[in-house]
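User: Could you help me learn to read a structure made of two chains? I'd like the general idea each time, and then the case at hand.

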2 protein chains.
Amino acid sequence: MFGDDIFGSFGNGRPMSSAPSKAPPVEKALPCSLEELYKGTTKKMKISREIADASGKTLPIEEILTIDIKPGWKKGTKITFPEKGNEQPNVIPADLIFIIDEKPHNTFIREGNDLVVTKKVSLAEALAGVTVHVTTLDGRSLTITINNVIHPDYEEVVPKEGMPIPKDPSRKGNLRIKFNIKFPAGLTAEQKSRIKKLLAP
Amino acid sequence: MFGDDIFGSFGNGRPMSSAPSKAPPVEKALPCSLEELYKGTTKKMKISREIADASGKTLPIEEILTIDIKPGWKKGTKITFPEKGNEQPNVIPADLIFIIDEKPHNTFIREGNDLVVTKKVSLAEALAGVTVHVTTLDGRSLTITINNVIHPDYEEVVPKEGMPIPKDPSRKGNLRIKFNIKFPAGLTAEQKSRIKKLLAP
């Protein structure tokens, strides 16, 4: 699967070369919350590995690796620790690669650099106006008043309240608020006739 | 790509066998309107092919093939005319296979045996009730009155007005009416306050 594997198997048929082959990389998922990816954080990972002494005897050790998660990192970002795999005679230890994974969030869905939240509103609120509250990933409380008519595809965009952009964390994506409009289950004949008059063009 | 191809290429390395190989099948799309697939129809297809005389000399002919399209046939249905490909010495002519394709329809989308139509209604109609008209694929006019509140995911099901079921054309799928609710672009403060009162729980 890896180029290193192919190289390694070629090497087996040849006389011992002075250049030892390298073990294939070891990949490990690193689940992060959306809060951690928003604010950035430092994760300390304890790893267990074998190291070899001068005589070639191996012994297990534990090591702490520090990973500096930058604000705005995305799922799939790779952090490589070169040669942090097990040491064995005549083999260059594997690279250890952590791959950022994004834990599902209760409130937000990430779409690229944007954050998307869906708010449930009543039909009366959708038509007559509504104020919604959103708690940001760094704990601030946003209050957004919408006086437009909210239709089923309506999106309220709050600029720069999305995820930070890793190359320039002073810039941010947008927060997009979508709406799930709860219609009344039923209406009386009286309500129906009034609504008809009220909404008549 | 076809099993016949593989068999054919094996044959090349062997001494001439008494069993001639068969040319790979020839496939041809047969676009049908939803009306044709609803009612069933007969299609006459003119094909051009080469036939061989006793001496092995080939000459072009035209032939009319009759395809009996059964009510309810689906996209992908195959109709095979065995050995209707070109005749050549020492080769069994290819099978000619027609594959039903479904032309897009202006009104209906087919979902399995169901037909789905989307009707645009105003918010007032969605709330106060509406009568919609649907012309079926065999030209009948259906009138459907909806007094339920129509919310964005609402579906009105009209039983047995979908596509016929090929194995038993007396049975049919359903007609499902979906709704695209057109909200007012804006409302006055007066309208908003009245709606709020009207829809208050």
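User: Which residues of chain A does UniProt list for "domain: Chaperone DnaJ C-terminal"?

Analyst: The unreviewed UniProt entry lists residues 27–184 of chain A. UniProt positions are given in the numbering used here, feature names are shortened, and annotations may be inferred rather than shown by experiment. This is a predicted model, where local features need pLDDT of at least 70, side-chain atom pairs count only at pLDDT 80 or more, and totals for chains, interfaces and linings use all residues. Residues are numbered from 1 along each chain as written, chains are lettered from A and ligands numbered from 1 in written order, and side-chain values use heavy atoms, without hydrogens and water.

User: How much of that stretch is helix and how much strand?

Analyst: Helices (H or I, at least four residues) and strands (E, at least two) are DSSP runs, numbered from the N terminus. Residues 27–184 of chain A are 8% helix and 54% strand.

User: How many residues of chain A are in contact with chain B?

Analyst: Contact means heavy atoms within 4.5 Å. Here 22 residues of chain A touch 22 residues of chain B.

User: How many salt bridges does the rule find across the interface?

Analyst: A salt bridge is a side-chain nitrogen of Lys or Arg within 4 Å of a carboxyl oxygen of Asp or Glu. Between chain A and chain B the rule finds zero. On the side of chain A that touches chain B, α3 (123–128) and α4 (189–199) each supply at least two residues; α4(A) gives the most, with seven.
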